[in-house]
Amino acid sequence: MSRKDMTRTLVLNIVDEGPERDGQEITVGVVAERLVVDPSVASRMVTDCISAGYLIRAASQQDGRRTILQMTDEGLAMLAAFRRHQRAAFEFITQDWPDGERRQLARLLIKYVDSVAHAQGAAVEG
């Protein structure tokens, strides 16, 4: 996977995860908020994903003046390929590890990601 693909998957994961609360739609602003980047940076990242054919802009059903982001079939396929690549890398790197250690690492990685998300949420609120 290229560096550009890694950056694209950050955006695609956010769109794929969808809203965090009722009434929220996935916009460039939401991407910026979740990645903790400037809206102009998020806009460039989203534009790149659109140019690559992974996302489309659509009219909001809540506010016709706002545009939301939606995955394309190509975006879903790219994200699935990235996830397969991640899984294959994990299995290759840990192939000689006992199953218990592999499960422990997986649990700790999930815990770490959840903690990062919580810390980012606290930073945005504070």
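**Reading a helix and its surroundings**

Mentor: Start with the buried residues of α1, which are Asp5, Arg8, Thr9, Val11, Leu12, Asn13, Ile14 and Val15. Buried means under 20% relative accessible area, exposed over 50%, and partly exposed in between, with a 1.4 Å probe and protein chains only. The model is predicted: local features need pLDDT of at least 70 and side-chain atom pairs count only at pLDDT 80 or more, while totals for chains, interfaces and linings use all residues. Residues are numbered from 1 along each chain as its sequence is written, and side-chain values use heavy atoms, with hydrogens and water left out.

Trainee: Which helices and strands does the protein chain have, and in what pattern?

Mentor: Helices (H or I, at least four residues) and strands (E, at least two) are DSSP runs, numbered from the N terminus. The protein chain has five helices and two strands, and along the sequence they follow the pattern α-α-α-β-β-α-α. Of the 126 residues in the protein chain, 30% are buried.

Trainee: Which residues of α3 are buried, and where do they fall around its axis?

Mentor: An α-helix has 3.6 residues a turn, so residues three or four places apart point the same way. In α3 the buried residues are Ala42, Met45, Val46, Asp48 and Cys49. Seen down the axis of α3, these buried residues fall within an arc of 155°, so they line one face of the helix. The arc is that of the directions from the helix axis to the C-beta atoms. On the other side of α3, Arg44 and Ser51 are exposed.

Trainee: What covers the buried residues of α3?

Mentor: Contact means heavy atoms within 4.5 Å. The cover includes α1 (3-17), α2 (28-35), β1 (55-59) and β2 (67-71).

Trainee: How do α1 and α3 cross?

Mentor: Axes are lines fitted to C-alpha atoms, for helices over the stretch in contact, and angles run from 0 to 180 degrees between N-to-C directions. The axes of α1 and α3 come within 10 Å and cross at roughly 100°. That makes α1 roughly perpendicular to α3, a term for angles of 65 to 115 degrees; under 35 counts as roughly parallel, over 145 as roughly antiparallel and the rest as oblique. Here Lys4, Thr7, Arg8, Val11 and Leu12 in α1 meet Met45, Val46, Asp48 and Cys49 in α3.

Trainee: Which residues have the most contacts inside the largest nonpolar core?

Mentor: In soluble globular proteins, nonpolar side chains tend to be buried together. A nonpolar core is a set of buried Ala, Val, Leu, Ile, Met, Phe, Trp, Tyr and Cys residues joined through side-chain atoms within 4.5 Å. The largest one has 20 residues, and those with the most contacts inside it are Val11, Leu12, Ile26, Val31, Val46, Leu55 and Leu69. Its largest share, five residues, comes from α2. Leaving out residues up to four places away in sequence, valine 46 touches Val11, Val28, Val31, Leu55, Arg57 and Leu69.
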